[in-house]
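Have the viewer open and follow along.

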Amino acid sequence: MEKIHYPFEIELDVRDYELDAQGIVNNANYQHYFEHARHQLLRKLNLSFVGLHDDGFDWVVHKVEIDYKRPLRSGDRFRVKVAAEQQGVRFVFYQEIERVSDGQIMTIGKISSVFMQNGRPVKPPQLVLDAYNSLYPGRKNPARSGGIQENAEQAD
């Protein structure tokens with residue numbers, strides 16, 4: 001199987017207020033990291049949730065899967081990577097958090113989202129598909145060829 005191609009990434013630092021009593025990043029913060037990276041990707045693609053909403057489309061999270069491999073700690077710098085693909089009416093994001101200092105995969109996520117229009121799921125607007133396809137020139141099923149599981153297996 002081939003690895004996921006992540007066409008977008010951002011770097012962040014662990015902030016002390018994100019830690020729990022054990023001195024590691026609280027598990028809920030990983031969802032914030034993933035979401036922030038997705039929003040930054042939208043900005044890069046000149047898209048916004050507000051703009052889509054104003055056009056009658058609400059982009060909502062349908063399902064979140066997170067595989068916590070290793071904990072992030074105070075002072076860690078990390079990369080949040082993002083890949084995406086359309087799966088019928090769903091838009092699926094594959095994400096990974098990697099510690100900068102040693103390249104260790106800390107967390108893997110798969111976030112399924114759906115576009116809603118008038119309270120009903122609809123296919124992603126063409127504007128969104130065109131923007132995301134621009135990340136993968138010339139590829140039919142751009143985000144993955146092997147699937148999220150391969151990275152999970154490699155990280156063990």
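Skip the neighbours within four places in sequence, and V80 is in contact (heavy atoms within 4.5 Å) with F8, E9, I10, L12, Y33, F34, A37, Q95, E96 and I97. Before going on, some housekeeping: this is a predicted model, where local features need pLDDT of at least 70, side-chain atom pairs count only at pLDDT 80 or more, and totals for chains, interfaces and linings use all residues. Residues are numbered from 1 along each chain as its sequence is written, and side-chain values use heavy atoms, with hydrogens and water left out.

V80 also turns up in the largest nonpolar core, a set of 39 residues. A nonpolar core here means buried Ala, Val, Leu, Ile, Met, Phe, Trp, Tyr and Cys residues joined through side-chain atoms within 4.5 Å; buried is under 20% relative accessible area, exposed over 50%, and partly exposed in between (1.4 Å probe, protein chains only). V80 is listed with Y33, W59, L72, I97 and Y132 as having the most contacts inside that core. Two or more residues each come from β1, α1 (27-44), β3 (77-87), β4, β5 and α3 (126-133). Helix α1 gives the largest share, six residues. Helices (H or I, at least four residues) and strands (E, at least two) are DSSP runs, numbered from the N terminus.

Now for β5 (residues 105-117), which is mostly covered, with 10 of its 13 residues buried. Its partners are in the table; two strands pair if DSSP finds at least two bridges between them.

| Partner of β5 | Sense | Bridges | Residues opposite each other |
|---|---|---|---|
| β2 (residues 58-68) | antiparallel | 10 bridges | D58 and M116 |
| β6 (residues 120-122) | antiparallel | three bridges | F115 and V122 |

Two of these pairings are hairpins. β4 and β5 have five residues between the strands, and G103 takes a positive phi near 75 degrees there. β5 and β6 have two residues between them, with N118 in the turn at a positive phi of about 55 degrees.

How far does the predictor back this up? The protein chain averages a pLDDT (the predictor's confidence in each residue, from 0 to 100) of 88, and 87% of the residues score at least 70.
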